[in-house]
Amino acid sequence: MDTVNTRFKWEEATGAAKYIADRHYEGLLEGRFYRSSCPRGRIKSVTLPSLPDGYHIFGADDVPGQNVLPIVEIDWPAFADQEVRFVGQVIYLVVGPDPDVVDSLLNEIHVDYEPLTPAYTINESKALKDGAIHADNNVLDTHMLTKGDIQAGFANAVTIIEETCSTNYQEHIYLETQGAVCYPQDGKVVLEGSMQCPWYVHHTMAVVLGHDNVRAIQCPTGGGFGGKEDFPDVLAAPLAVAVEKLQQPIRLIFERGEDIATTSKRHPVTFHYKTGVDANGKIVAMDIKFDVNAGAYLSLSGIVLQRTITTATNVYDIPNVRVEGHAWATNTVPTGAFRGFGSPQNCFCMETHIHHVAKEVDADPVTFKQQHMLTSQSQSLTGAEIFGELVLDEMLQKVLDMSDYQRKFAEFSQMEGTQPERLKGKSTGKNKGIGLAIFQHGCGFAGDLEDTLVRAKVKLVKEPDGTVQILASNTDIGQGLSLTFRKIVADTLNKPLDLVQIAVPDTGIVPDSGPTVASRSILIVGYILEKAAKKLKKMWVEGESQEIVEVYCKPDYHQWNQDTYQGNAYQATSYGANVVEVEVDMATGEAEITGAWAVYDIGKAIDGTIFRGQIEGGLVQALGYGSCEKLELTQDGVFAQRSMADYVIPTALDVPAIGSALVDNPYPYGPNGAKGGGELTHNGGAAAFAAAVENAIGVPLSSIPVTPEKVCEALADGKSTQIKTISAGNGEPINED
């Protein structure tokens, strides 16, 4: 359990790494959760079994501190006590030496509920049947912002296009399921686990125990994608309570079915757009309303809402905008962090809508998008000047050239002349299509939270032999952070890479440099590591031990007003453009991806090979989100898909070789000019895929995933019921109401 030793990726690559399920602990007990079978109700009574020697049950009454998971707001209990809000909510933790006996004890627990009418969808949440789940209106969080004069903008419009676009759940499907082991050591409660954010877990254990004699250590982690940001707290709190009492190690590892059924998902979001276009074919006003299904508790939905609202217009400079968003409480698994944090939903819906607006006003979609793109002279949606140079035009041209987009789009679009025959079901062949998406991602936490909440801290320790150890809490979960951090420090010091080591993220050793989320690890933590290395290089003394501590301080230009939502919503923004080519079987609706291209501006890559892995992984994950990853709620409030046999993700056979390139645009406040990019790569693929399928079938598509069933339904309907166009004619203005 020595966590001072460094850990690189050779062990993971060779299969020698000890994941949480591989580790041995003397006297280990196994833990299982007893979960609610009721989606919404009050707990009337509980019957517990007699326990054999060595077996224990823990619940809300056993919590010595606060019975809460302190994820932003204090609303999600560690153990359900008086009420339950979703199927699968934790009520008890049962522990003992034999997992079979533990399972039998779970079956002997009986909870009697007073059921209430559950709300699984946003519309059901709005109906408030049997009263509100949360507060008096089920709204967990809400924000609104404006830019320009929305009424004046619509007064200048001659055409108004209204459209509803929506996205569904997405499951993380990390290779390693959720798991942790908690044990007593040196007077502390210590938790080792598969996690992204050790200091989050540390804080949660301290809150439930009522003291800070705790420690959280990240083990080798088989993927996260955001699913191991907030959710490990759900395991950590009950485990800490049990270990504090028993003073024995306890392990809790989910089976895949339990993991899919009960862990956080990507938020389903519905956007409604009302867009005004003037006589010159320019968008002059846009009214955006969106609703987020947050699930039973707030969790990270407020942060997802903030990111979505501050970047609602994506890469476009719209002069007059009003955006309003709500996060709604429902009786479903709380939705939480997922790669992109609201951006993939927003980018899909906005790109799709802009594409449809272009078609409704008879404009070429690429030309139309380019005419509305932000420039270096633009002002952001939140009223900030653009910092640095934008390279959107260069990036767009590069991806168009790489994919031969213009020629293919013209060729494939000629098939629209045969659309009536296709809609009558007479075409049973295969049609080709190609689609484009342009997108962005704000790096780091929204607003000024990096400065006012996190204040990342790192430490460099130089030993007398000249080796340098990096101490930071950011975790490598497969994205290559252990290598990129070492390269930043080694390159700055002008030392060989093997002289720079990195400590295991362990809250007993490393300072709190913040969580591994929000594309902040390189931009924020990498930058202060570079600053620390510069200081160490300047004061380097051979043969002596030296330490450097560096704390984040935001750039002067980065200003934000949390009350008015005005200023720099993010310290820096990265950009991307994707093109996807498909071939659609018109009889079955199946779409084969035949080409994929990607170009990005991430400042300057620390390691091109590492980022290539991010490109391919992120784009494939996005293509799955847009095409085949279907996660459906049943009428009982549980997911119909429970395994990797029925929740389908793309394989290597489903995606062709991806052509990719970077446009260098160094950022002065990033290490070696780098910005963040890990989440960016997920943001555009779904929109590009949907546009490609739409190009192939000649029918608008406004929601994802675009499954074969959805394609066949679109072909049968022949038009989108989600798009409505109003024209005054002769340049007469249209009132926004």
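Predicted model: local features only at pLDDT ≥ 70, side-chain atom pairs only at ≥ 80, totals over all residues.

Trainee: Great. At what angle do α9 and α10 cross?

Mentor: Helix α9 (residues 343-360) and helix α10 (residues 365-372) cross at roughly 115°, and their axes come within 9 Å. The two helices are therefore roughly perpendicular to each other. The axes are lines fitted to C-alpha atoms, for helices over the stretch in contact, with angles from 0 to 180 degrees between N-to-C directions. Helices here are DSSP runs (H or I, at least four residues), numbered from the N terminus.

Trainee: Which residues in α9 and α10 meet?

Mentor: From α9 there are E351, I354, H355, V357, A358 and K359, and from α10 there are P365, F368 and K369; contact means heavy atoms within 4.5 Å. By class, that contact has 5 nonpolar, 1 polar and 3 charged residues. Nonpolar covers Ala, Val, Leu, Ile, Met, Phe, Trp, Tyr, Cys and Pro, charged covers Asp, Glu, Lys and Arg, and the others, Gly among them, are polar.

Trainee: And how do the axes of α9 and α18 cross?

Mentor: Their axes come within 8 Å and cross at roughly 35°. On the α9 side, C347, F348, E351, H355, H356 and K359 take part, meeting A686, A687, A690 and E694 in α18. The residues of this contact divide into 5 nonpolar, 2 polar and 3 charged.

Trainee: I keep seeing E351 come up. What lines the second largest cavity?

Mentor: E351 is one of the lining residues, and with it come T352, H355, H356, K369, L436, A687, A690, A691, E694 and L701. (A cavity is a set of points, on a 1 Å grid over the protein atoms alone, where a 1.4 Å probe fits but cannot get out, and lining residues have an atom within 4 Å of a point.) The elements giving two or more residues to this lining are α9 and α18 (685-697).

Trainee: How many of the lining residues are charged?

Mentor: There are 3 charged residues in the lining, together with 5 nonpolar and 3 polar. To tie the picture together, E351 and H355 line the cavity, meet α10 and also meet α18. K369 is another lining residue, and it takes part in the contact of α10 with α9.

Trainee: Nice. New topic: how do α5 and α6 pack?

Mentor: Helix α5 (residues 198-209) and helix α6 (residues 232-246) have axes 9 Å apart and pack at an angle of about 45°. That makes α5 oblique to α6.

Trainee: So which residues of α5 and α6 meet?

Mentor: Y200, V201, T204, M205, V208 and L209 come from α5, while P232, D233, A236, A237, A240, V241 and E244 come from α6. Sorted by class, these are 10 nonpolar, 1 polar and 2 charged residues.

Trainee: Now the backbone. Is the peptide bond from I704 to P705 cis or trans?

Mentor: The bond from I704 to P705 is cis, and its omega is near 5°. You'll find P705 in the loop between α18 and α19 (708-717).

Trainee: Last one: is the phi of N314 positive or negative?

Mentor: N314 has a positive phi, about 55°, although N314 is not a glycine. Look for N314 in the loop between α8 and β17 (321-329), where β17 is a strand, a DSSP run of E with at least two residues.

Notes
Residues numbered from 1 in each chain as written. Heavy atoms only, no water. Parallel < 35°, antiparallel > 145°, perpendicular 65-115°, else oblique. 1 Å grid on protein atoms, 1.4 Å probe; cavity = no way out; pocket = protein on both sides within 12 Å on 5 of 7 lines; lining within 4 Å.
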